[in-house]
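Subject: Handing over the two-chain model

Hi there,

Here is the structure I promised to pass on to you. Could you load it in your viewer and keep it open while you read my notes?

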Amino acid sequence: MGYEKTLKLEHRGMKAMLPEVKRNAGADLDVRDFFPSGNDVLDRWRLRRFREYQSYGFPVWRRVGLTSFEPPRVEGYRGLENIDEEGLALLEELDFEGSDRKFVLMADVFSMAGEYVVVSSPQEKVVVEVDQDVANSLLDLRGGDLTLVRIVRRERFVGNLRVKVREKARFKLVNLHLVGKGGTSIDNVFLDVETGASVEVYDFYSGGRVNVGFLAVRFSGEDATAKVRPYYAVSSGSATDVLYQMRFYGRRNEGTVDSKGVVTGESKVVFRGVLDILPGAKDTVAHQRNHTFLISGSAKAEAIPSLFVGENDVVASHAHSSSPLDETAVFYLMTRGCSETEARELLIKGTFEDLREELRNFELEAVLDHALEGLV
Amino acid sequence: MRDYERVLRELKKMEEWEFEAKARPAFELPPGLDRKLVLEISKAKDEPSWMVEHRLKCLRIFEEMPEPSWGVDRSEIDLSRIVAYVKPGVARASSWDEVPEEIKRAFERLGIPEAERKYLAGLGAQYDSEMVYKNIKEELKRLGVVFLDMDSAVKEHPELVKEYFMKLIPPTDNKYAALHGAVWSGGTFLYVPKGVKVPMPLQSYFLFGNPGAGQFEHTIIVLDEESEVTYIEGCTAPKYDVINLHVGAVEVYVKKGARLKYLTIQNWSKNMYNLEMKRAIAEEDAVVTWVSASFGSYKTMVYPATILKGDNSVSENLSLSFAGPGQHLDTGSKVIHLGRNTRSTVDAKSISIGGGWSFYRGLLKIAKTAKGSKASVSCTGLMVDNESRSDTVPVIEVHNADSDVGHEARIGRIGDDQIFYLMSRGLDEFEAKSLIIKGFIQPIVQELPFEYAVELNRLIDLEIESSIG
């Protein structure tokens, strides 16, 4: 079975060429790093993936300055060891390219943390802190209402999270990436949304030297909704590169990506968006928005908000903007008694207020405050 | 509502529309590309040695450079079958009476000489690989305006040409730039002296007359300080059943306080690969306006670019791309802000119909030095039917915190409520759709000189009539 490509640029026998990814052939994980899981069915699947894994070098990502990648140290296997044939079929169904196929395969083959979970309870809230450098999880949400708070607080990280949100199920993901200074994190999240289901995502990126995120929502059914709220706080020379993809197969789905963030110091953010509406996905509503506040003279913001539309009965838009902090707003707050520093701090923190509200439900506001400390 | 199948048949008929272009060439070089062919082109033009060396250098770069790995699928281009140089059987003329009947008829079908009489300050007409006609009004000549075909400019103004030729689009830029440098032929050289404001547009028209040919014209426009000009470029070809290739290059130098408006009406036939490079550099207080309307070609890759080098310089880019059956139009814009307080706007509109694919690809870059700059990019796609596709992929790079940048894109169809409202005011469905599409392209049309706006509206009427009528 083929995997879900991040970009599909073909139309009625015509195709567009895609730039080749440059790859390097540095040190890599090999067969000595392949630890059996104890589940033969899973291991046969992992071995197939391992062969594909070996066919790629590590990608060179110019925009975030990733020219080489030092693979993590693998000390055993943990992740999907309890998976059965049905779960493996689901894994195949949710196979995807992500930010780069190499890293998706790395997490599939060499994970040291993760779970295969089938959820059908009416309502559940789970907070998980990922405790290893490589993680791979699969959630099969068969009904009910699940809220997952996933915290990645590592020096380095490569991870996959696949979620099947079945008919009428509700899924909320609060995904916090708090990468250690100088670290590299590459996270790939793939959500498949069936008819009548709903998804809400709060995604937060902070820290690291290179912090790369990919989150895809595939609308395979009809009448589903997805609201994705990305936030980023990029400082201390960090380069953060995030890609949010929504692909619409079925009818009457509605997806929005509403992103904002702050970049300061000698740092950089790259915001990528892909709204891909396939022929037949009638009555789709798809919107994507991003605003970047550039706080220092050396901060950089790059954006590639793409829109691919193969169906005309849709409403689709994207918007991107970047600016310094609004000096009028700073001035207004100063007339109300704030010092200039306080005024700026208030405005910057205000950018993340909706996320803070969400985190308050889990008493995790301090996590956000801590991440923003270096920023203000 | 008229039958959709009939609509597509009408569109097909329009594709097959042919004007007479039956002039026999004086000679054509064999297809393919090698050192011998490049030397023969140069020999046919009796070029100075520096240009011969330049061509050979470009050929070496071409041979070494890889094919770009992005854009439209170009696998059907077989350079070994493209005839790079076709010399029309006519000497260059400065009077229409001297142009041979067959070529004259082809241009007259396009209304070219009439346009010159009515509202142009000068006109150039290229047939295949060479300019066959070039003329400019006497009063402009007296003011020092130079409007020549590129081959004559190489001989008559070698120092000027050396200063500007392939400096903005160096052969190392990409494989097709190198190809162009090796086999270029024809094109325009325009120099407007300091302070001269040319009151009427100048135009060059490019016409293909041979199947399997390539056209590689090179245009250089230099506007000296505080000068102004409007330049119009038009292109047409009859349809053949083999691939034709157009790899033109346009280099524009706009000095301090000068203003250029560059209009393109591209109506190549549907067997044409149109891979054109257009680049401008604007110095302090200069203004560059690109206005492009693309209707023709099989596959297109064109991204007019402006480098805003000088402080307070301005770039405006308006484009309309009309992708019909079998067409893949990959168009866009590039703006690079280097100077302080520079301004740019991009307004890109596309219409996709009958299975056509319009693809907007753009780059907006605000360099660290471009403090106080403002830029906005707007892309709007109209999908007239359900067979077509419309994509936008802008790249926005902001490298200083003292600039404001905004981008928005929308893709959709004509709203039922819009149709309903207009029909409630007495219009039938066709009239309502036609009115909405004309309103959609109005920002482009209003930038054209009046006579061209009328012509473009007529062209749009035809397209709409045969598409949604």
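**Ground rules**

This is a predicted model, in which local features need pLDDT of at least 70 and side-chain atom pairs count only at pLDDT 80 or more, while totals for chains, interfaces and linings use all residues. Residues are numbered from 1 along each chain as its sequence is written, and chains are lettered from A and ligands numbered from 1 in the order in which they are written.

**Chain B overall**

Chain B has 12 helices and 25 strands; these are DSSP runs numbered from the N terminus, with helices being H or I of at least four residues and strands E of at least two. Of the 469 residues in chain B, 55% are buried. A residue counts as buried if 20 or more other C-beta atoms lie within 10 Å of its own, as exposed if 12 or fewer do, and as partly exposed in between, with C-beta atoms placed from the backbone. Among the contacts in chain B with a separation of 6 or more, 83% are between residues 24 or more positions apart. Two residues are in contact if their C-beta atoms, placed from the backbone, lie within 7 Å.

**Where the chains meet**

In the contact between the chains, 38 residues of chain B touch 39 residues of chain A. On the side of chain B, at least two residues each come from β2, β20 (328-337), β22 (357-366), β23 (374-383), β24 (389-398) and β25 (404-412). Which of the strands gives the most to this side of chain B? That is β24(B), with 10 residues. By class, the side of chain B that touches chain A holds 14 nonpolar, 13 polar and 11 charged residues. Here Ala, Val, Leu, Ile, Met, Phe, Trp, Tyr, Cys and Pro count as nonpolar, Asp, Glu, Lys and Arg as charged, and the others, Gly among them, as polar.

Strands pair if DSSP finds at least two bridges between them. Within this pairing, Phe308(A) stands opposite Asp391(B).

There is also an open sheet of three strands with antiparallel pairing, in the order β1(A)-β2(A)-β2(B). Its edge strands, each pairing on one side only, are β1 (10-11) of chain A and β2 (71-72) of chain B. β1(A) joins β2 (residues 14-17) of chain A over two bridges, and Glu10(A) stands opposite Lys15(A).

**Strands and a helix inside chain B**

β23(B) is mostly covered, with seven of its 10 residues buried. β21 (residues 343-352) of chain B pairs with β23(B) in the parallel sense over 10 bridges, and Asp347(B) stands opposite Ser378(B). β23(B) also pairs in parallel with β25(B), over nine bridges; there Ala375(B) stands opposite Val405(B).

Helix α9 (residues 175-183) of chain B is largely enclosed by the rest of the structure, because eight of its nine residues are buried. The buried residues include Tyr176(B), Leu179(B) and His180(B). They pack against α2 (35-45), α3 (49-64), β13 (249-254) and β15 (272-282) of chain B.

**Domains and helices of chain A**

Chain A is divided into domain 1 (10-322) and domain 2 (325-376), with bounds that come from an automatic or database domain assignment. The centres of these two domains, taken over C-alpha atoms, are 28 Å apart. In their contact, 19 residues of domain 1 of chain A meet 14 residues of domain 2 of chain A. On the domain 1 side, β12(A) gives the most, with four residues.

Helices α6 (residues 353-360) and α7 (residues 365-372) of chain A pack at an angle of about 145 degrees, with axes 8 Å apart. Axes are lines fitted to C-alpha atoms, for helices over the stretch in contact, and angles run from 0 to 180 degrees between N-to-C directions. Leu355(A), Arg356(A), Leu359(A) and Arg360(A) in α6(A) meet Glu365(A), Val367(A) and Leu368(A) in α7(A).
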